[in-house]
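Have a look first, then work through the notes.

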Amino acid sequence: MKILVPLFMVCSAFMLGSCAPAQQNQQQNRNLPPNVKALRDLAYAKESPAQKLDLYLPEKAEAPLPLIIWVHGGAWLGGDKAQCPALGATRNGYAVASINYRLSQEAIFPAQIEDCKGAIRFLRAHAKEYNLDDKRFGVWGSSAGGHLVALLGTSGDVQDLEGKVGGNEDFSSRVQAVCDWFGPTDFMKIGDFPSNLKHNAPESPESKLIGGAILENKEKVARANPITYLTKDDPPFLIMHGDKDMTVPLNQSELLRDALQNAKMDVQYQVIEGAGHGFGGPQIIQTVRAFFDKHLKAVK
């Protein structure tokens, strides 16, 4: 598949924030599919104003719905849940959640993954209320969000990253499928390849995330690496990355792919030729849809 120019940019700005949430919500209301209701700013915890999610529910569902959870990008420094490319899945029999999490200016890692896990536990705790199938939760994210969804996929059994955000500790934060779009993985190797960013610098997004220069904090870097926690009971992965990405080098997805393949895990890997840090278009979205259909709809 060759895409010379990205057809649309999907939460792709690794370093940039987003438009004002109120403006984004207005735009999303205009784009909301028919017969879908939006429950916005549901608080999954009370430690921070950031700990909110939006939930999109088809109104005519007869049975509990599989859920796709979108995790936004933005270098763990910006971005917002109001940007939700997964929203279109509500046309195809899915509920969709889009979550915010504490950014690195407010709290360093593992706050971000603890928030994501707290949001998932919240959604499972309220699954009956929202008509969700708590056994069919998938996650999808781009860039920094890709990093977090990959970590959700491999750390479902890792108590060290579970945290207690929002409570609901009797519920699992495991997910059943992961779609990772151009997410970072091993920060120790991200600076080894060409990039528009100085990833190894003390002020890089990765360094700000862990609270120190990455090259001087190998243990903290390992703790944030999804590959660290990989086990054979992890869910299926779809990894997609542009071969012209000059923000998050392609090697980051290659490392995760290789680790999953070496462990004989279920991984689908696709390089988008000519694409930089962001891509889209019908064929790519269809690949994502088919992946979730296979792993969330076909298995009950």
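In this predicted model, helix α2 (residues 111–125) and helix α4 (residues 144–154) pack at an angle of about 65°, and their axes sit 10 Å apart. That crossing is right-handed. Angle and axis distance are how two packed helices get described.

**The α2/α4 contact**
- On the α2 side, the contact is made by Gln112, Ile113, Cys116, Lys117 and Ile120, while α4 brings in Leu148, Leu151 and Leu152.
- Sorted by class, that contact comes to six nonpolar residues, one polar and one charged.

**The sheet**
- Eight strands make up an open sheet with mixed pairing, in the order β1-β2-β4-β3-β5-β6-β7-β8.
- At the edges you'll find β1 (36–43) and β8 (267–272), each pairing on one side only.
- Ignoring direction, neighbouring strands here are turned by 15° against each other on average.
- Zooming in on one pair, β3 (residues 65–71) and β4 (residues 95–99) run parallel and are joined by five bridges.
- Val71 stands opposite Ile99 of β4.

**Helices across the sheet**
- Besides packing with α4, α2 lies across β1, β2 (52–58), β3, β4 and β5 (132–142), and runs at about 155° to β5.
- Helix α9 (residues 282–297) lies across β3, β5, β6 (177–181), β7 (237–242) and β8, at about 160° to β6.

**The second largest pocket**
- This pocket has a volume of about 170 Å³.
- Its lining counts 13 residues, with Ala86, Gly88, Ala89, Trp140 and Ile285 lying nearest the centre.
- α9 turns up again here: it supplies four residues, the largest share of the lining.
- By class, the lining has ten nonpolar residues, two polar and one charged.

- For background, most residues other than glycine have a negative phi, and most peptide bonds are trans.
- Which two residues does a cis peptide bond join? They are Phe109 and Pro110, with omega at about 15°.
- Pro110 belongs to the loop between β4 and α2.
- Trp76 isn't a glycine, yet its phi is positive, at about 60°.
- You'll find Trp76 in the loop between β3 and β4, two strands that run parallel.

Notes:
Residues are numbered from 1 along each chain as its sequence is written. This is a predicted model: local features need pLDDT of at least 70, side-chain atom pairs count only at pLDDT 80 or more; totals for chains, interfaces and linings use all residues. Side-chain values use heavy atoms; hydrogens and water are left out. On a 1 Å grid over the protein atoms alone, a cavity is a set of points where a 1.4 Å probe fits but cannot get out, and a pocket is an open set with protein on both sides within 12 Å along at least five of seven lines; lining residues have an atom within 4 Å of a point. Grid points are joined across faces, edges and corners, and a volume is the space filled by probe spheres set on the points. Ala, Val, Leu, Ile, Met, Phe, Trp, Tyr, Cys and Pro count as nonpolar, Asp, Glu, Lys and Arg as charged, and the others, Gly among them, as polar. Two strands pair if DSSP finds at least two bridges between them. Axes are lines fitted to C-alpha atoms, for helices over the stretch in contact, and angles run from 0 to 180 degrees between N-to-C directions. Contact means heavy atoms within 4.5 Å. A crossing is left-handed if the near helix is turned anticlockwise from the far one by less than a right angle, and right-handed if clockwise.
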